[in-house]
Structures are given as structure tokens and as C-alpha cells.
Amino acid sequence: MRIIRKDNKGEAITIAAFFVLFAAVAITFQIFEPTFLTWDSVTTMLKTGATTAIAALGLTFVIVVSHSDISFYMTSCFSSMFMAWLISLKIHPIIAVAGGLLMGFIWGGISGIAVGKFKLPDIISTIAIGSIAFGAAYVFSDGAFIYEEFHTSGIINLSEHRFLGITVSVWIMLVLYIIAYFALDRSKIGRWFYSTGANKRAAFFSGVRVNQVIIAAFIVSGVLAALAAIIYDAAQGQGNVKIGMNFLMPCFSAIYIGWSVFKKPCVIGTFFGALISTVITTGFTVMSIPYYYSDLTMAGVLILAIGLSKMQFKSKESDIAKPDDKAEGQVAQA
Amino acid sequence: MKKKKGILTIFQPEYALFWLILLAIIFFWIMQPAFVSFGNLMNVLKNASYMALMVLGLTWVIATNEMDCSFPDVAACASMVFAWLAFHGYSVLVSFIIAMLSGILCGVLTSILVVRFKYHSLITTIAVSTIAKSVAAALYGGMPLSVPVIKSTGFYKFVNSYLAGIPVIFIIAVAIYAVLFIIQEKTRYGQYVYALGENRVAVQEAGIKTGKVLTGVFITSAFFAALSGILMVFVVYGSGQPKMGSAFFLDGFTVVFLGAMVMKLGKTNVVGTFLGGIMLAIVVNGLTQLGASFATSQITKGVLLVIGIVIAALGQRKNRGKAGLLKYE
């Protein structure tokens with residue numbers, strides 16, 4: 001696949017700005033809690049952040065084609081429970097993980113076909129499909145934790161094994177982000193996704209297979225959410241039926257924080273968004289502030305981020321936009 | 001679309017929900033004869049009434065083509081605010097008013113963000129619901145807050161009483177629904193709500209203040225969610241429930257989209273939502289009596305929601321006609 005080159009000057013500045021923001025948040029927590037920025041705590045933070053980041057990466061694809069997926073966090077419960085169930089049957093962990101990912105693929109495909117092929121309204125159909133998946137997740141153990149064979153099978157290594165001092169899950173996250181960056185920002189495939197998101201009709205008449213692109217986006221979302229839930233299960237050492245229920249807010253926050261700075265939903269933006277939301281949540285946990293205050297803060301940050309993304313978009317619109325920017329602006333309109 | 005005449009009209013999709021309700025009753029009757037006892041049916045109506053009240057406002061939100069995911073958490077927030085105030089010795093009336101205000105505040109926040117700042121309503125309501133959930137949890141450390149005090153009040157006895165065998169809360173719900181039905185059908189406001197769902201630009205060009213209509217819709221949604229949250233403290237739980245939200249999320253949408261089959265085909269509407277609430281209460285009650293697992297009832301609700309969505313989508317497609325559909329649509 002030919003790599004598309006582009007001018008990176010603007011992007012470099014925004015990334016730098018992001019690091020300043022990031023440092024500001026981290027230093028604020030460091031002042032209140034001196035153990036916040038030790039090596040141990042940073043690696044733990046990356047470990048917890050990896051799951052959110054992976055799930056958010058999948059959701060990014062759906063947001064890029066200007067749809068919404070409310071099923072990913074519920075289908076991930078099913079996929080990870082399926083994986084845990086396979087593990088408890090003494091099946092090799094690699095096959096079990098593959099099975100879990102396959103379930104993510106299937107549920108994502110169902111949502112994708114409902115939205116892409118049958119043109120059902122995206123939000124409400126994914127709520128329905130996700131709820132069915134969540135109900136089905138109770139079939140394996142009637143809602144109880146599955147922890148048989150978990151510690152002996154080696155599945156724990158998916159989260160705990162360290163390579164160069166960093167856990168495997170973080171490496172997986174980084175590799176996925178690099179692949180996604182080249183796929184979405186630097187290749188023809190990425191243009192299909194963005195053009196579908198900008199205007200379906202125009203994309204269709206430009207030779208993009210709109211329906212397939214939408215289905216693909218939902219499948220990516222389903223698979224990556226499943227992977228995130230599987231890694232989270234591995235970290236907890238048990239199959240938990242409600243494992244994905246906390247993904248919804250952080251994932252949307254990550255994407256919108258990224259959107260607010262990069263003016264379009266994109267891979268790098270999601271990465272930094274996930275990083276910042278992880279730092280904030282971990283900071284609150286380290287300072288032993290109850291979860292609901294960190295949720296409250298994240299909701300505030302989300303609202304603020306959307307506001308910023310709108311502001312950027314407005315100022316872009318009032319200029320006579322460069323053709324490239326204009327296309328991005330239309331993505332933001334969704 | 002050719003109109004069918006006479007007896008055949010009852011097979012039109014507009015009446016599909018009546019058939020579904022009838023089928024559900026017959027099914028549960030066969031499986032569990034005790035299901036159709038008078039006491040149990042009144043119990044179904046009781047459950048249907050607060051369920052239907054919670055999503056009454058959501059009906060109009062969805063009719064305007066917007067989204068509101070915050071209703072269950074607004075209900076949870078209002079129930080916790082009410083319980084917290086009543087627990088700290090405020091009178092039921094004061095607690096009730098302040099709890100309603102807290103719910104309305106959520107609606108105001110949503111409508112300001114959506115109408116004034118043009119946020120996407122889905123993301124906004126996800127954020128607002130998180131705020132409501134956090135506030136509800138923060139009031140009592142995330143635990144349910146029991147308020148035995150209210151049991152001695154007159155209002156408690158009133159809403160839990162029966163009038164000629166029919167639960168009073170059901171009568172309250174019917175009365176509220178009747179008022180909103182009149183607003184929907186006989187006032188300009190109700191027509192604007194549906195006009196907004198058809199074409200936003202056309203409505204704006206016709207000189208109607210779309211922002212005001214939308215604001216009203218979002219605040220109505222929060223208002224009824226809060227009302228139902230507080231009523232549930234009286235009728236169901238006897239305590240404030242900070243985690244009520246997750247239990248009613250799917251139920252709410254199922255009720256509203258089942259209702260989209262009735263009357264205005266493919267459009268969510270007040271009468272439909274009411275019947276949808278009864279349908280869901282029948283299914284939930286029947287499945288509980290059969291001893292169904294969580295998985296079974298969750299999947300059943302999900303499938304009902306899919307049926308609602310598909311019939312609504314088919315209805316809208318039929319109204320649009322073939323010319324409106326291009327190959328890529």
C-alpha cells in the first residue's frame with residue numbers, strides 16, 4: 001500500500017501542546033501525591049490505560065465514519081466471558097483468545113450489517129444488539145466470576161508478562177496504534193473511512209464501497225473492544241461479566257479529547273485522549289478519592305473537550321478553508 | 001400505500017403491538033395460569049405505570065430525531081436527592097420539589113449544551129448521565145439510602161392505595177398521559193415536535209423557534225424521569241437507588257420503540273409508549289413468574305427492541321416511497 005505523505009507541521013505543534021497539558025495534569029497530581037510519578041506507578045498506569053486505549057481505538061473507526069456505536073462495551077462482556085469459558089474448559093489460551101476475538105468480530109459484524117446494510121438507525125440498533133450480547137454473556141456462568149484454570153493456563157501473561165520493563169498489554173496497544181495510524185491516516189483505506197464519514201453520497205459516487213466500509217468500522221470496534229475486555233480479564237485473573245461496563249464514558253472521552261485538539265477524530269488524538277483520561281482517573285485513585293468524583297471530573301472534561309472541538313471548527317469554517325481542512329471540517333459536523 | 005378497509009385494518013402494522021400484547025398474555029396464561037389473576041394483572045399495571053412515566057419525555061426526544069441516554073440516571077439522581085433530603089429531616093413536599101429541581105437541572109444542562117452550543121445529543125446525554133450518576137453516588141457513598149420516614153406520610157399511603165381495585169399510581173399515570181396526548185395531538189407544540197423530526201431546516205425557515213421546542217423536549221424528558229424516580233422511592237424501593245440507571249436503560253428504549261408501532265407508524269408517540277410500557281411490564285412479570293434467568297429476560301427485551309426498530313424503520317421507508325431510496329441507502 002502506498003504511504004500518503006503529508007505536511008506534519010501543524011500536527012507537531014498540537015502534539016507538543018498536548019504534552020504540555022499532559023505534563024500540567026501529571027505535575028498537579030505529583031504535588032498532591034509524591035509517589036505519583038515513580039516508575040512503578042507509571043507502568044501500572046500504562047497497564048490500566050492500555051485497555052481503555054484499545055477499546056477507544058476501535059470506537060474511533062466508527063466515529064470516523066460518522067456513526068455511533070453503543071454496543072462495543074456490552075459485546076465486549078460477551079466476548080471476554082466466552083474467552084474465560086474456553087479457558088475454564090482447559091483450552092489453550094491462544095485459541096481461547098482467538099475465540100474471544102472471533103466473538104467480537106461476529107457481534108461487530110451484526111451491528112455493522114444492521115447499520116451499514118439494512119440502514120437501521122445506528123444508536124438505537126447498537127443499544128439493542130449490545131443489550132442482547134450482554135444478556136447472552138450471563139449464559140456461560142449465570143453471572144458468576146469464572147476463575148477456574150485462569151492462573152494455571154498462562155492467560156495472565158497477556159497482562160502481566162513484562163518485556164523491557166513494560167507489560168505485554170502496553171506493547172500490544174502500541175503496535176495496534178501504529179498499525180491503525182498507518183491504516184487510517186497514511187493509506188488509501190483511511191481515505192475511504194474519512195470520505196464515508198464526510199458524505200456518504202459523495203463517497204459512493206467517488207467509488208468508495210460505503211456499506212462495506214461501515215461494516216468494517218463496526219467490526220474493528222467489536223474486535224478491539226473484545227481484546228480490551230480480554231486483557232482486562234487477564235489483569236484481574238478472572239472472567240467478570242460486567243468487565244466492559246465501564247468502557248463507555250472513558251472511550252468517548254478519549255475520542256472527543258483527541259477530536260478537540262486535532263479537529264477531527266483520529267488515531268493520535270484518541271491515543272493522547274486515552275492517556276490523559278487515564279492519568280486523571282489514576283490520579284484520583286492514587287489520592288483515594290471515590291470513583292464517583294473521578295467520573296464527575298471526566299464528564300466535565302468531556303463536555304469541555306466537545307466545546308473546544310466546536311470552537312476550533314467554527315474558526316476553521318470562517319476562514320476560507322484549504323481543501324484539506326474543509327474535508328476535515330465536514331467530518332467534524334457529524 | 002393502499003388503505004385496507006373494514007375488518008382487514010386490524011392486520012395493519014399499526015396494530016401489531018396489540019397483537020403482541022395479546023400473544024404475550026396468552027403465552028404466559030398457558031405457561032402459568034396464575035398470571036391472569038386480577039391481583040397480578042393490577043401488579044403489571046402498577047409496574048407499567050412508573051416505567052411508562054420515566055420514558056414519557058424520551059418519546060418526544062426521539063420523535064425530534066435527538067437522543068437522550070440520561071433518563072435512567074436522572075431518575076436515580078432524583079431518587080437519591082429525595083431520599084437524602086427526607087433522611088435529613090426535610091418534609092416530603094420540600095424534598096420532592098428540590099429533587100424535581102435537581103432532575104430539571106439535568107434537563108436544562110442538556111438542552112443548553114445541545115441547543116445553544118450545538119453538541120451532539122448522544123454524547124451530551126452520556127456526559128450528563130455520568131454527572132447525574134456521580135451526584136447520586138456521591139450523596140451516600142454509592143450505597144442505597146433507605147428512608148423509612150416516608151412510610152408514615154399521607155402521600156405514601158395515597159400512591160400505594162387502590163381505587164376500586166386499580167392502583168392509584170396507574171390512575172395518575174393515565175391522567176398525565178392523557179394531558180400529554182392532548183398536547184401532542186391538539187396543540188401547535190406537539191405538531192412542531194414531529195415537524196422537527198421530519199426536517200429541521202424546513203421548520204426553522206417556516207419561522208418556528210426550533211431551539212425553544214428542543215429545550216422544552218429535553219426538559220420534559222428530565223422532568224418525567226425525575227418524577228418517576230421519586231415515585232419509585234414510594235412505590236417500589238422505599239429507598240433512594242444510586243445504581244437504578246443500568247436496570248432501566250434497555251427497558252426505556254424498548255418501551256419507546258415498541259410504541260413506535262402504534263398510531264403514527266415509525267414515529268414514537270405518547271399512546272404507543274403507554275402501550276409499550278404495559279407490554280414490557282407483562283413480559284417482565286411473566287418471565288419472573290416462569291423463573292427465567294437474567295439472560296433470558298435481557299435477550300427477550302433486546303429482541304423486542306429490535307422488532308420495534310425494524311417495524312419503525314420499515315414504516316418510515318414505506319412512507320418515503322421507493323423514489324427516496326437510492327442504491328447506496
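Here is a short chat about a predicted model with chains A and B.

Biologist: What should I know about the ground rules?

Modeller: This is a predicted model, in which local features need pLDDT of at least 70, side-chain atom pairs count only at pLDDT 80 or more, and totals for chains, interfaces and linings use all residues. Residues are numbered from 1 along each chain as its sequence is written, chains are lettered from A and ligands numbered from 1 in the order in which they are written, and side-chain values use heavy atoms, with hydrogens and water left out.

Biologist: What average pLDDT does chain A get?

Modeller: Chain A averages 81, and 90% of its residues score at least 70. pLDDT is the predictor's confidence in each residue, from 0 to 100.

Biologist: Where in chain A does pLDDT stay under 50?

Modeller: Over residues 313-334. The model has 20 contacts there beyond four places in sequence. A contact means heavy atoms within 4.5 Å. Where pLDDT is low, the predicted coordinates should not be read in detail.

Biologist: How many helices and strands in chain A?

Modeller: 15 helices and two strands. These are DSSP runs, numbered from the N terminus: helices are H or I with at least four residues, strands are E with at least two. Buried residues make up 55% of the 334 residues in chain A. Buried means under 20% relative accessible area, exposed over 50%, partly exposed in between (1.4 Å probe, protein chains only).

Biologist: Which helices of chain B supply at least two residues each?

Modeller: On the side that touches chain A, α6 (121-139), α12 (245-259) and α14 (294-320) of chain B do. The largest share, twelve residues, comes from α14(B). By class, that side of chain B has 27 nonpolar, eight polar and four charged residues. Ala, Val, Leu, Ile, Met, Phe, Trp, Tyr, Cys and Pro count as nonpolar, Asp, Glu, Lys and Arg as charged, and the others, Gly among them, as polar.

Biologist: What does B:R200 pair with?

Modeller: B:E66, with the closest N and O atoms 2.8 Å apart. B:R200 lies in helix α10 (residues 200-205) of chain B and B:E66 in the loop between α3 (56-63) and α4 (71-87), so the pair ties together parts 134 residues apart in sequence. B:R200 is partly exposed at 26% relative accessibility, whereas B:E66 is buried at 14%.

Biologist: And what about B:K301 and B:D251, how far apart are the closest N and O atoms?

Modeller: 3.2 Å. B:K301 sits in α14 of chain B and B:D251 in α12, 50 residues apart. Both are buried.

Biologist: Switching to B:N40. Buried or exposed?

Modeller: Buried, at 9% relative accessibility. B:N40 is in helix α2 (residues 38-54) of chain B.

Biologist: Which residues does B:N40 touch?

Modeller: B:A34, B:F35, B:N285 and B:Q289, not counting residues up to four places away in sequence. A polar contact of 3.1 Å joins the side chains of B:N40 and B:Q289. A polar contact is a pair of N or O atoms within 3.5 Å; within protein, one must be able to donate a hydrogen and the other to accept it, and residues adjacent in sequence count only if both atoms are side-chain atoms.

Terms used: A salt bridge is a side-chain nitrogen of Lys or Arg within 4 Å of a carboxyl oxygen of Asp or Glu.
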